[in-house]
Amino acid sequence: MPDGGQHHGGQHFPALVLNADFRPLSYFPLSLWGWQDAVKAVFLDRVCVLSEYEREVHSVNFSMRLPSVIALKDFIPTSRQPAFTRFNVFLRDSFSCQYCAAHRPAQELTFDHVIPRARGGRTTWENVVAACGPCNLRKGSKLPREIHMHPRLTPRRPTSWELQDRGRAFPPNYLHESWRDFLYWDSELES
């Protein structure tokens, strides 16, 4: 195995995982497997290797280059209805406060009930928006019309495709050069 799984150049040799249609299973977070899982999938004949790293793994009986891009042999359909999670609400709202439009990292966002729970509001896609702390505190348990704070976009349930498309606006910090032909980001990739 490569140096007992140690890094090389600060990377762990992740493999980009594509569905059988050669599209990433997920853009955000980017669908990646560790090199051990990728090698195991190759041996179990569950994936096709599309690109490889220069780095090799060795055992007594074999040697192989580590996969950098793999495609599943069996297509995994994506759910049409995404899970209702904090992260997916933030992704739907592009990691920006729906009241002041400030872009924030996920850990600096909270979610706000447009119609507060104290006023009968429910925790649903149609009533929850991303909000920064100051706006959330300012709105409190008031209705939007009472405090003149209306969400920039009407909250609604997104499709899985919409969330995947939205995720393309947030490329990860690390992109191996072999992945570029399989990823389509809204911003241009740097060399």
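Two strands pair if DSSP finds at least two bridges between them. Strands (E, at least two residues) and helices (H or I, at least four) are DSSP runs, numbered from the N terminus.

This is a predicted model: local features need pLDDT of at least 70, side-chain atom pairs count only at pLDDT 80 or more, and totals for chains, interfaces and linings use all residues. Residues are numbered from 1 along each chain as its sequence is written, and side-chain values use heavy atoms, without hydrogens and water.

**The sheet**

Strand 3 and strand 4 (residues 63–72) run antiparallel, joined by 8 bridges. His58 has Ser63 in strand 4 as its bridge partner. The open sheet holds 4 strands in the order 2-1-4-3, with mixed pairing. Strand 2 (32–33) and strand 3 (47–58) are its edges, each pairing on one side only. Helix 1 (residues 35–43) packs on the sheet and touches strand 1 (15–18), strand 2, strand 3 and strand 4. Contact means heavy atoms within 4.5 Å.

**The pockets**

On a 1 Å grid over the protein atoms alone, a pocket is an open set of points where a 1.4 Å probe fits, with protein on both sides within 12 Å along at least five of seven lines; lining residues have an atom within 4 Å of a point. A volume is the space filled by probe spheres set on the points.

| Largest | about 530 Å³ | Asp21, Arg23, Thr78, Trp161 and Gln164 |

Helix 2 (86–92) and helix 5 (160–167) each give two or more residues to the lining of the second largest pocket.

Definitions and conventions. Axes are lines fitted to C-alpha atoms, for helices over the stretch in contact, and angles run from 0 to 180 degrees between N-to-C directions.
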